[in-house]
Structures are given as C-alpha cells and as structure tokens.
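Biologist: I would like to learn how to read aromatic rings in a protein model. Could you walk me through it?

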Amino acid sequence: MNIFISSFIIIILLSILYNLTKKNIETFASNNDYYKNKVVIITGSTNGIGLSLAKTFSKTNCKLVIHGRDETRVKNTVALLNKSNKNILGIVADLSDESNFDAVIQKTIEKFNKIDILINNIINRSGSNKIIKKEYKDWKMEMNVNINSIFYLTKKVVENMRYNK
C-alpha cells in the first residue's frame, strides 16, 4: 500500500510544481532560446499533465518526443503540437511491457541523435486498489509502469547524455 500512497503523493507534487512553474516556463520559453536544440522526452504525454507539459515545451521549439500507448492519441497529439513546432516525434509504446522500454530511447536517438531532458510522467493503476483483491498481473503491470520504466528510462537517458556535446 505504501507504493500506491507514494505514487499518489508524487503525482500531487508534480501537479503543484507544474501549476507553480507553468507561467514561468511559458515566459522563459518566449524570451529565451535555451530549449531550441534540446531533445525532450515526455512519457504519458497524450493527456493530463503530460499533454499540458508537451504543449508548453512545443512553444520552445525544442525537439519533442510525445509518448503514449494509444496510437490514435499519439497521432492526434503530434498533429495538435505540429501547429507550433515541426520537430515532434510520436512514439507508441506500452511501458507495462519491459520489452518496449528500449523503443522509446532508440527511436529518439535515431531521430534526434541525443536526449537532453526526460520527464517521466507516467502512471498506471490497474485492477483493484485493495491488496486482497489485486491480481498479480495487475501488480506486475503497475510495477513495470510506475517503477521499472522510470528507473530504466532514466538510466538509459543518463547513459546517452554522456555523449551530448
């Protein structure tokens, strides 16, 4: 149960942080070229906080990677953001499956040759919230998305950042 509470608290903190900094990011983006050649990956960026972050970052003219597990939503998000930024890559990958972790990193490197910023904005709650009723497959999915994907993506991004110039 502690993992669920921790995940919930992290989401609340991210939401507060986002709301506090959104105006500052938008102001900074419009007055500065800092993000112009930066490659930014935002996981879970087809709705909610992730989509809001993607909209904000798209205004900075960074090279932006949109991620989601639903192909239609990824395509729609890319189309929406292409109005303000043409350097957008959409990646469809279900991060509950460990075999898809590398796809996000590899496709980003293939397209943009580097990664500068990773925003792990993904969470999955599946099945019952009651431990007695929760199925193992649901637990495993939650751990793969909420813990393993964040660890693995962060590790791979840091490894790739060593080669940034």
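**Rings and their neighbours**

Modeller: Let's start with a charge and a ring: the charged end of Lys38 sits over the ring of Tyr34, 5.0 Å from its centre. "Over" requires NZ of Lys or CZ of Arg within 6 Å of the ring centre and within 35 degrees of the ring normal. This is a predicted model, where local features need pLDDT of at least 70 and side-chain atom pairs pLDDT 80 or more, while totals for chains, interfaces and linings use all residues. Residues are numbered from 1 along each chain as its sequence is written, and side-chain values use heavy atoms, leaving out hydrogens and water.

Biologist: How many aromatic pairs does a search of the whole structure find?

Modeller: Three. Rings of Phe, Tyr and Trp (its six-membered ring) pair if their centres lie within 6.5 Å; planes under 30 degrees apart are stacked, over 60 edge-to-face, the rest tilted. Tyr35 and Phe57 are edge-to-face, with 5.3 Å between centres and 85 degrees between planes. Tyr35 lies in the loop between α1 (2-31) and β1 (39-42), and Phe57, 22 residues apart from it, in helix α2 (residues 48-58). Helices (H or I, at least four residues) and strands (E, at least two) are DSSP runs, numbered from the N terminus.

Biologist: Is Phe57 buried or exposed?

Modeller: Buried, at 5% relative accessibility. Buried means under 20% relative accessible area, exposed over 50%, partly exposed in between (1.4 Å probe, protein chains only). Tyr35 is buried too, at 15%.

Biologist: Which residues do ring pairs link into a cluster?

Modeller: Tyr34, Tyr35 and Phe57.
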